[in-house]
Amino acid sequence: MRILAIEDEPKTAAFLQKGLTENGFSVVVCTRGDEGLALARNEPFDAVILDISLPGVSGFGVLSALRGAGNHVPVLCLTARDTVEDRVRGLELGADDYLVKPFSFSELLARLRSILRRSALNPNDPVLRVQDLEVNLPKMQAKRQGVRLDLTAKEFLLLALLARRAGEVLSRTVIAEQVWDINFDSNTNVVEVAIRRLRKKIDDPFPVKLIRTVRGIGYCLAKTNEPAATEAW
Ligand code: CA
């Protein structure tokens, strides 16, 4: 697997290079957006790890130029602890996933493997399907049984995160970091409240419930309608 990492921060770039190489990937690191774009256009890569804030051309510029040219290489964006709008924008421009800095290497590896798996299944399809749920990342739309679900931007990001990692149990900490930028050891119940609201929209009207609570750990979007024993845990 050949990965292009476009990242201008030396420490993060070195961290990516070392970690990915140790995990058997072949890595090309590039520190400018314009150079990264030229590389991505001219050489085959299995995935691109793309920082948003870059010299030359921004990550958004790289992404929109690639997608505009019909290049569907899987892209994992790295976003600063910034606004939710950045994440939404990345997905709208055709990013397959995003990761909020600072991130752990294991989390990066999980996301990278997940986008690689997905692109192997269906390289040109931006729609995630989990049972009768469809999540269209660039359009920011979700449907169940073909019925459009009316979600806020945060609810969409939460659902998209669960759908991208369907079958995996996601801890409240991971969810809070990736959707809200909250580093929390606090007693905040923001995740519980948001899950409850999301359930009202995506599960309550339907006989089959997709969101499962794993007591003491977190939440999981069920890949199949089998009992929980067949899921990842
Ligand atoms: Ca940067």
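Modeller: A word on terms first: buried means under 20% relative accessible area, exposed over 50%, and partly exposed in between, with a 1.4 Å probe and protein chains only. This is a predicted model, where local features need pLDDT of at least 70 and side-chain atom pairs count only at pLDDT 80 or more, while totals for chains, interfaces and linings use all residues. Residues are numbered from 1 along each chain as its sequence is written, and side-chain values use heavy atoms, leaving out hydrogens and water.

Biologist: Thanks! Which residues coordinate the calcium ion?

Modeller: Donors are N, O and S atoms within 2.8 Å of the metal (3.2 Å for Na, K and Ca), and water is not among the atoms, so sites may look incomplete. At 2.1 to 2.3 Å, the calcium ion is coordinated by D8 (OD), D51 (OD) and S53 (O).

Biologist: What spacing do these donors follow along the chain?

Modeller: The coordinating residues are D8, D51 and S53. Along the chain, the donors of the calcium ion have the spacing D-x42-D-x1-S.

Biologist: Is S53 buried or exposed?

Modeller: Take D51 to begin with: its relative accessible area is 5%, so D51 is buried. S53 has 55% relative accessibility, so S53 counts as exposed.

Biologist: Which side chain makes a polar contact with the side chain of D51?

Modeller: D51 sits in strand β3 (residues 47–51); strands (E, at least two residues) and helices (H or I, at least four) are DSSP runs, numbered from the N terminus. Neighbours within four places aside, D51 is in contact (heavy atoms within 4.5 Å) with I6, E7, D8, G59, L78 and K101. A polar contact is a pair of N or O atoms within 3.5 Å; within protein, one must be able to donate a hydrogen and the other to accept it, and residues adjacent in sequence count only if both atoms are side-chain atoms. At 3.0 Å, the partner of the D51 side chain is K101.

Biologist: What is omega for the peptide bond that joins K101 and P102?

Modeller: Most residues other than glycine have a negative phi, and most peptide bonds are trans. P102 belongs to the loop between β5 (97–100) and α5 (105–121). The bond joining K101 and P102 is cis, with omega at about -5 degrees.

Biologist: Where does Q131 lie?

Modeller: Q131 is not a glycine, yet has a positive phi of about 50 degrees. With 31% relative accessibility, Q131 counts as partly exposed. Its place is the loop between β6 (127–130) and β7 (133–136).

Biologist: And why does M140 count as buried?

Modeller: M140 has a positive phi too, near 55 degrees. M140 lies in the loop between β7 and β8 (141–144). M140 counts as buried because its relative accessibility is 19%.

Biologist: Which strands are the edge strands of the open sheet?

Modeller: The open sheet has 4 strands in the order β6-β7-β8-β9, with antiparallel pairing. Each edge strand pairs on one side only, and these are β6 and β9 (147–149).

Biologist: Which residue in β8 is the bridge partner of E134?

Modeller: Strands pair if DSSP finds at least two bridges between them. Antiparallel β7 and β8 are joined by 4 bridges. In β8, E134 has as its bridge partner K143.

Biologist: Finally, how many disulfides does the structure hold?

Modeller: A disulfide is a pair of cysteine sulfur atoms within 2.5 Å. C30 is buried because its relative accessibility is 4%, and C77 is buried at 2%. The number of disulfides in the structure is 0.
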